[in-house]
Amino acid sequence: MSYKIIYCDGDSWTAGDIINPELEKQGIHFVNHKLNDDYRLPKVWPHKLGELLDTEIFNDALSGSSNDGIVRRVLHNARELLKDYKPNEICIIIGWTSPERKDFFFDDGNMKHWETLLPAELYQNQMNSEIEKFYNIYLKHFWNIEEFSNRYIEQNLLLHHYLKELKINHYFFNAFYESSGENFNGSLYEKYFKSKRRGLPDEFGKEYIDELKIVHGIMDELLFDEFQKIFKSNFLPLSFKKYCDVIEPTWSKRYTMNHPNERMHDEWSKYVYKQIFTKDGYFHEN
C-alpha cells in the first residue's frame with residue numbers, strides 16, 4: 001500500500017538523543033528543541049525510512065517520553081492528520097518505551113505541565129524538595145510491575161482500537177526495556193530488584209508470558225487475551241534493542257551513551273521497511 005505520510009512516535013530511540021554541538025555552545029541542551037531538528041532528525045530511523053519509501057515523515061517522538069506521553073500525542077495527532085489526509089493515506093508506527101515511566105500533571109500555581117517520572121533510573125533531579133519526597137515515596141510504594149504492566153496493556157488496547165476505528169493502519173514495536181536492576185549495587189531498593197524484573201522481556205514468547213503471569217491474578221484475563229492478539233497482529237517481531245544486539249555483538253559499535261548510533265538507526269529503518277512495506281515482511285495489511 002502507498003502512503004502519503006508516515007507518522008512516528010516514541011521516546012529517544014525514535015526521536016534521537018543527539019544535540020548539535022554548536023547549539024550546546026549556545027546553552028541549548030533540549031534534544032527536541034526546534035533548532036536541533038535539522039541536525040537530529042536525519043540521523044534517526046523515521047527519516048531514513050522516509051528516504052527508502054520516498055514518503056513524507058512526521059516524527060513527533062520525544063526524548064525521555066513515557067508511554068503516557070506517546071498515547072496523548074498519538075490520540076491528538078491522528079485526528080489532526082485526518083484533516084489533511086484520508087485514513088488509507090496515513091501509516092502510524094509507534095515505538096513503545098520502557099513501561100515503568102509514568103506521567104503526572106504538575107501544577108504549583110505558577111507552572112503547569114506533564115512531568116515524567118523515570119523510576120528505573122532510581123535517582124532523578126526534581127524541581128524542589130516536595131517533589132523529591134513524592135518521588136521517593138512513589139518509588140518505594142507505588143512503582144511496581146502490577147501497575148506498569150497493566151497500564152502498558154491498557155495503552156496498547158486504547159491506541160490499537162482507537163486507530164482501528166479511524167481506519168488508520170498502525171504498527172507497534174518495543175524500543176527497549178530497562179535492565180534487571182542488579183547492576184545498581186547497593187541501591188535502596190536492591191531487595192525489590194532481586195525479587196522482580198523492572199521491565200518485561202524484549203520478545204513475545206515464553207519468558208514474556210511467564211513474567212506477565214506473575215501479576216496475572218490481578219490482571220483482567222479478557223484484556224490480557226486481547227493484548228496478545230495485538231502483539232501477534234501489529235507488533236514487529238523484535239524490539240529495536242534486540243535487533244541491535246542481534247546484528248552487532250560489540251556494544252560500542254551499536255550504542256552511543258546507551259542509545260542506538262546512526263548506523264543502528266539505518267539498520268533498523270531497513271528492518272522496519274522490510275517488515276511492514278514489502279511483500280516478504282511479517283505483516284499482512286491490517
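1. Trp-96 and Tyr-152 are both buried (under 20% relative accessible area, with exposed over 50% and partly exposed in between; 1.4 Å probe, protein chains only). This is a predicted model: local features need pLDDT of at least 70, side-chain atom pairs count only at pLDDT 80 or more, and totals for chains, interfaces and linings use all residues. Residues are numbered from 1 along each chain as its sequence is written, and side-chain values use heavy atoms, with hydrogens and water left out.

2. Phe-104 and Tyr-138 form an edge-to-face aromatic pair, 5.6 Å centre to centre with 85° between the planes. Rings of Phe, Tyr and Trp (its six-membered ring) pair if their centres lie within 6.5 Å; planes under 30 degrees apart count as stacked, over 60 as edge-to-face, the rest as tilted. Phe-104 lies in strand S4 (residues 102-107) and Tyr-138 in helix H6 (residues 129-142), so the pair ties together parts 34 residues apart in sequence. Helices (H or I, at least four residues) and strands (E, at least two) are DSSP runs, numbered from the N terminus.

3. Phe-104 has 27% relative accessibility, so it counts as partly exposed. Tyr-138, at 4%, counts as buried.

4. Lys-102 lies over the face of Phe-104, 5.3 Å from the ring centre. The charged end of Arg-72 sits over the ring of Trp-114, at 4.1 Å from its centre. The criterion is NZ of Lys or CZ of Arg within 6 Å of the ring centre and within 35 degrees of the ring normal.

5. The structure holds 22 aromatic pairs. Ring pairs link a cluster whose members include Trp-13, Trp-45, Phe-173 and Trp-268.
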